[in-house]
Amino acid sequence: IKITIIDREGVRHEVDAPTDMNMNIMELVRAYELAPEGTIGICGGMAMCASCQCYILNEVPLQEKTPDEEAMLWEAFNVKDNSRLGCQIAITPEIEGLVLELAPE
Ligand code: FES
């Protein structure tokens with residue numbers, strides 16, 4: 001599926017995201033090296049660091065936030081109404097066309 005990621009410099013990248021590799025958005029950003037090593041995915045995808053925070057810019061059917069994700073976003077900086085943790089968004093066919101922006105470091 002296609003996913004559009006706006007990096008922290010404001011550059012837009014439309015990338016191919018595999019739905020059969022059990023990947024999440026944080027891992028996708030790392031795979032395409034859209035954020036410097038060590039600035040995203042610090043907790044390894046456990047919803048414990050918020051380094052993978054992103055802003056969702058369009059309407060796609062995302063899974064609901066888990067209590068862990070809610071709790072982490074409660075503590076994180078630069079949180080907006082459309083904030084999500086990239087590591088908690090699985091790449092599935094339903095999110096085709098998702099557009100998101102990486103939150104500041
Ligand atoms: Fe740490 Fe997502 S990678 S919260």
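This is a short talk on a predicted protein model, from its overall fold down to a few single residues.

Some ground rules. Residues are numbered from 1 along each chain as its sequence is written. Because the model is predicted, local features need pLDDT of at least 70 and side-chain atom pairs count only at pLDDT 80 or more, while totals for chains, interfaces and linings use all residues.

Confidence comes next. pLDDT is the predictor's confidence in each residue, from 0 to 100. The protein has a mean pLDDT of 97. 100% of its residues reach 70 or more. For the complex, the predictor gives an ipTM of 0.99 and a pTM of 0.96.

Now the fold. There are two helices and five strands. These are DSSP runs, numbered from the N terminus: helices are H or I with at least four residues, strands are E with at least two. Along the sequence the pattern reads β-β-α-β-α-β-β. The radius of gyration is 12 Å, close to the 13 Å from the globule rule for 105 residues, so the protein is as compact as a globular protein of that length. That radius is taken over C-alpha atoms, and the rule is 2.2 Å times the number of residues to the power 0.38. Along the principal axes, the C-alpha atoms fill a box of roughly 30 × 25 × 25 Å.

Contacts next. Two residues are in contact if their C-beta atoms, placed from the backbone, lie within 7 Å. Take contacts between residues at least 6 apart in sequence: 65% of them join residues at least 24 apart.

On to the sheet. In what order do the five strands lie? The order is S2-S1-S5-S3-S4, in an open sheet with mixed pairing. Strands count as paired if DSSP finds at least two bridges between them. S2 and strand S4 (83-85) are the edge strands, each pairing on one side only. On average, neighbouring strands are turned by 35° against each other, direction ignored. The axes behind that angle are lines fitted to C-alpha atoms, for helices over the stretch in contact, with angles from 0 to 180 degrees between N-to-C directions.

Strand by strand, then. S1 (residues 2-6) and S2 run antiparallel, joined by five bridges. Lys2 has Asp16 in S2 as its bridge partner. Five residues sit between the strands of this hairpin, and Gly10 takes a positive phi near 85°. S3 is also antiparallel to S5, through three bridges. Cys54 is partnered with Leu102 in S5, and Ile56 with Leu100. On S4, three bridges again give an antiparallel pairing with S3. There, Gln53 stands opposite Leu85.

Across the protein, 29% of the 105 residues are buried.

That brings us to the core. A nonpolar core is a set of buried Ala, Val, Leu, Ile, Met, Phe, Trp, Tyr and Cys residues joined through C-beta atoms within 7 Å. The largest has 22 residues, and Ile25, Met26, Leu28, Val29, Cys52, Cys54 and Leu102 have the most contacts inside it. S1, helix H1 (25-31) and strand S5 (99-102) each supply at least two residues of this core. H1 gives the largest share, four residues. In soluble globular proteins, nonpolar side chains tend to be buried together.

Which residues does Cys52 touch, leaving aside neighbours within four places in sequence? They are Met26, Ile40, Gly41, Leu85, Gly86 and Cys87.

Ile42 lies in the loop between H1 and S3. Ile42 is partly exposed, because 14 other C-beta atoms lie within 10 Å. Beyond four places in sequence, its contacts are Cys49 and Ser51. From Ile42 to Arg84 is 42 residues in sequence and 16 Å in space, C-alpha to C-alpha.

Thr66 is in the loop between strand S3 (53-56) and helix H2 (67-75). Why does Thr66 count as exposed? Because Thr66 has 12 C-beta neighbours inside 10 Å. Thr66 and Gln88 are 22 residues apart in sequence, and their C-alpha atoms are 8.2 Å apart in space.

Conventions. Buried ≥ 20, exposed ≤ 12 C-beta atoms within 10 Å, placed from the backbone.
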